[in-house]
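Subject: Structure for your review

Dear colleague,

My notes on it follow directly after.

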Amino acid sequence: MSDVMRPIPFAALMEWILDEHEKYGSIFGVRHSVKYDEKTALPIFGTDLEAPFGPAAGPNTQLAQNIIASYAAGARFFELKTVQIMDGEELAKCINKPCITAADECYNCEWSTELTVPQAFTEYVHAWVACKLLAKEFGLGDPDAFVFNMSVGYDLKGIKSEKIDTYIEGMKEARETAAFKESIEWALSNLHRFKNVDEAFVKGISSRISDSVTESTLHGCPPDEIERIAAYLMTEKGLNTFVKCNPTLLGYDYARKTLDSLGFDHVAFDDHHFKEDLQWADAIPMFKRLMETADKNGLTFGLKLTNTFPVDVKAGELPSEEMYMAGRSLFPLTIHLARLISDEFDGKLGISFSGGAVIQNIIDIYRTGIRPITMATNILKPGGYERLSQIGEAFKEEKPDSPEIIDLKRLHDLDDGVSGNPLYNKGSKPLPERHIDKELPLFSCFTAPCREGCPINQDIPAYLKAMEDGDAEKAFSIIIERNALPFITGTICPHHCGDKCMRNYYEESLHIRDTKLRAAEAAYDKVIAELKEKKTSAADAEATQTHRVAVVGGGPAGLSAAYFLTRAGIPVTIFEKEDSPGGIVRHAIPEFRIPAALIEKDTALCLSFGAELKTGTEITSVKELTDQGYTDIILCIGAHKPGNISLEYGNAEDAVEFLKKVRSAPDTVDPGKNVVVLGGGNTAMDTARAAKRLRGVEAVRLVYRRTKRYMPADEEELNAAVKDGVEFMELLAPIGVKNGVLTCSVMELGEADSSGRRSPVDTGRKTEIPADTVIAAVGETVDTSLYEALGVELDKKGRPVTGQDMQTSVKGVYAAGDGRRGPATVVEAIADAARAAKAIAGISLDKYTDENTTKEITPLIDKKGAICTDLAASPDKRCLGCPSICAVCADVCPNRANVCISLPDTGQIEILHVDGMCNECGNCEVFCPYNGAPYRDKFTLFNSREDFENSKNNGFAVLDKDSFMLRLDGRTETVDLKGAERISAKAAGIIKAVISDHSRLLY
Ligand code: SF4
Ligand code: SF4
Ligand code: SF4
């Protein structure tokens, strides 16, 4: 593993393109090539432009293959990665890796090309000629209707240096350069490889690679230096020129207020860049002067809005002190700056846009007259370059108009629409952890992250597919194989499966929970009628004869245990102390969240295999059960003991007791006009929302020590409480309640710790809140008396210690649900119950596991890169089928350094990492669903012995036709193919496949 990139020679580059296209119809992994047959954009710099968008200067325009992949996907304006005097190794030493993190808004800590300037030049020339050839050969469009735009920095001295000047002059006229000659010569001597490219075409390829430039300067660059550079580029170099502006032109207050109001309050920065960067008063007259200079020279002058936004590294996002923000949080700043400048210039100053452009807004940006539009963050996310295909198709479809000068009204409307648009709002809570808690395997890594995020490993891809196929009965059968409570979980499950869903990176998670409920509603009656005949997971015969199980507690865990065991043929009796089963779900969670009718349906399902239910029966000793002949006892006793709230004076009511009263007899509950709920979890939200619905209640206030962002409640519950009108009293710590008044300490958030979490600090001030009733929702605890009577070993929190099978320290006695974990979720209760049932009955719940994958991967591959802009229209069709074809690391790698290899014998797809194409940017690590980094952890192909020896990655380097250097499990040896097979069939399969089918990788 090394961050040194090995550029691909032109012949090998073309070999790669032609071979891959012939075999797979793709170009550097881009399967959906956009073909333009008419222009969808206005010309620029006197050159036709087929489409007005493309990759911004950055990771997606560094290597030839990056540019070619963008071209294939429909991009036609390319801002080449910035060159500056410091380059190659010298620059590499200053850039810490990884350097990109784009899980949501993007941050990076890289700047200009990591190649040497001559290498960068060669890459750009190779890309130029290759794009021309493939435009013609594959009919992608007019070979002369795309634009390469240089980006140079960072000061005039450097730009005038011989190194940069040679670059600029070469880009203006490349005919005599080695890179151009090499490319043209290769094409001329390989005409037989093409169907549509002939000698005349090759000889007619323009050697004027670029006649435009974007000036890039460092923060703090003095205004006269910025002006001198732009004037030089126009007058001395004759280049159409854009000046890249920083969002700091907006002023600190505007930037801070805007980001705070959109939920990006965690983005840390002070005002120093705002003071040191170009100021408005200097900028406007300068731009006017530069416009005049351009006019005099018959050139175009404009602004590139904007550069990325410098912010502080606060939570270890990247190995740097400062990083640069881009993506959706930059859009509000960039579009507002475009507005201010356009107002100032009556729309007559041209603007090139980069700052959070995506499929959902790019047509509107273009319609304002702003063009071209470039992007990086968008194409660093899953789908990668293929996201450009969707944009290209949208431009073809819509053929949007774009005014000659910027349309101020349209631009104002776009800017005004920012605050209400979820695209630019972060949401009320930090993003959940998206990675699954598993190491990335060296081989066979495709997985279903949703399933891994689900405590009962629901076969989510399988049931989503069944619903997509319109087969609700099959979907429901798949669901109830592992889930005893489909209606309850289909309604109130916190659905953490969705946190892991790869579709979050496109628009939002699949609606997995809702789909479950729809399947249950559609199929329940039919399926339950047939259930008794369908014992889906029968226990072994001996278990049914020898086991008789007592379940203590008829809540979610108890009902689930009874379901799994009776379905397997084991007799079960549930002992429930209340007069009806369902536990906290039936007796405390408000009816408006889970109607009784749905609980009834789940209860009936759980009892449908014959479990006996004894209500009103409290068990106080396990002996009475063993005396009755029960062989196994599962304790599902819940967590009902009120949690502690330490008020200095006065009392707070317990939230669960309050909720129980409200659920059973709401008309009898009279908490007064002003209710205060203490806490920030889901129970606090339920309590506040339930109180809000009570007659006579005027205000419900929720008091919490931190801010909403740090509340433990799920975002969905929190948002529901906000919607219901619950008032959030943030940063208050309760002291005591007296005479209808709750007194609180006023807190403030202190410095962030290493995780970015800011702790509350007492300000010493106090405040008072009217409080007729104070309710504490601070977490119930487990009543340990039954465990203690039994002699069950308890942990420090008073919870029973169990093995993976849920068995306590007392043989034959199991614990499950809240009574084992403390207050938790219904689905975790089902998970415990399933484990105990598996241990007792020896059952497997894997009947449908194989149905999570399919061999029909083409329809899944077709979904990559396509963002759904109408979620309501296709609720079931968005699943990407991750366990069948993940390959996200291949999608998101800007350099195409992760490739899919189909094994010759089995057809199975494996990921191969190509060391020479990787610069360790870290982007694949961000999006790989595992807790791992594909660029470190996947089987790797090395260009040379030297690269192999400089790395610790498992992988191989081809030495000659039959021998390889191979490293597996850290052991290095030189082997022939047979030797590889002896060590690992998978490794041998990949090596064989590379040699037989992917020899283009051996450049
Ligand atoms: S896209 Fe489908 S398979 Fe992938 S995580 Fe989401 S629901 Fe699961
Ligand atoms: S393989 Fe990963 S780390 Fe390497 S260049 Fe690609 S995305 Fe970046
Ligand atoms: S991102 Fe790549 S390495 Fe990670 S699971 Fe998917 S295919 Fe495997």
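The notes below go from the overall fold to one helix pair and then to the ligand surroundings.

Please bear in mind that this is a predicted model.

The protein chain contains 41 helices and 31 strands. Its C-alpha trace extends over about 95 × 75 × 45 Å along the principal axes. For 1003 residues, a compact globule would have a radius of gyration near 30 Å, and the 32 Å of the protein chain therefore agrees with that expectation. Of these 1003 residues, 60% count as buried. Among contacts between residues at least 6 apart in sequence, 72% join residues at least 24 apart.

One helix pair may interest you. The axes of α20 (residues 472-482) and α23 (residues 512-530) come within 8 Å and cross at roughly 100 degrees. Because angles of 65 to 115 degrees count as roughly perpendicular, α20 and α23 are described in that way. The contact between α20 and α23 comprises 11 nonpolar, 1 polar and 3 charged residues. Among them are F476 and I480 in α20, and Y524 and V527 in α23.

As to the ligands, the shell around ligand 1 has 11 nonpolar residues, with no polar and no charged ones. These include C450, L464, M502 and C882. Helices α18 (449-453) and α19 (460-468) each contribute at least two residues to this shell.

Around ligand 2 there are 14 residues, of which C893, C918, C921, G922 and C924 come nearest. By class, the shell of ligand 2 divides into 7 nonpolar, 6 polar and 1 charged.

With kind regards

Terms used. Residues are numbered from 1 along each chain as its sequence is written. Chains are lettered from A and ligands numbered from 1 in the order in which they are written. This is a predicted model: local features need pLDDT of at least 70, side-chain atom pairs count only at pLDDT 80 or more; totals for chains, interfaces and linings use all residues. Side-chain values use heavy atoms; hydrogens and water are left out. A residue is near a molecule or strand if one of its heavy atoms lies within 4 Å of it. Ala, Val, Leu, Ile, Met, Phe, Trp, Tyr, Cys and Pro count as nonpolar, Asp, Glu, Lys and Arg as charged, and the others, Gly among them, as polar. Helices (H or I, at least four residues) and strands (E, at least two) are DSSP runs, numbered from the N terminus. Axes are lines fitted to C-alpha atoms, for helices over the stretch in contact, and angles run from 0 to 180 degrees between N-to-C directions. Angles under 35 degrees count as roughly parallel, over 145 as roughly antiparallel, 65 to 115 as roughly perpendicular and the rest as oblique. Contact means heavy atoms within 4.5 Å. The radius of gyration is taken over C-alpha atoms; the globule rule is 2.2 Å times the number of residues to the power 0.38. Buried means under 20% relative accessible area, exposed over 50%, partly exposed in between (1.4 Å probe, protein chains only).
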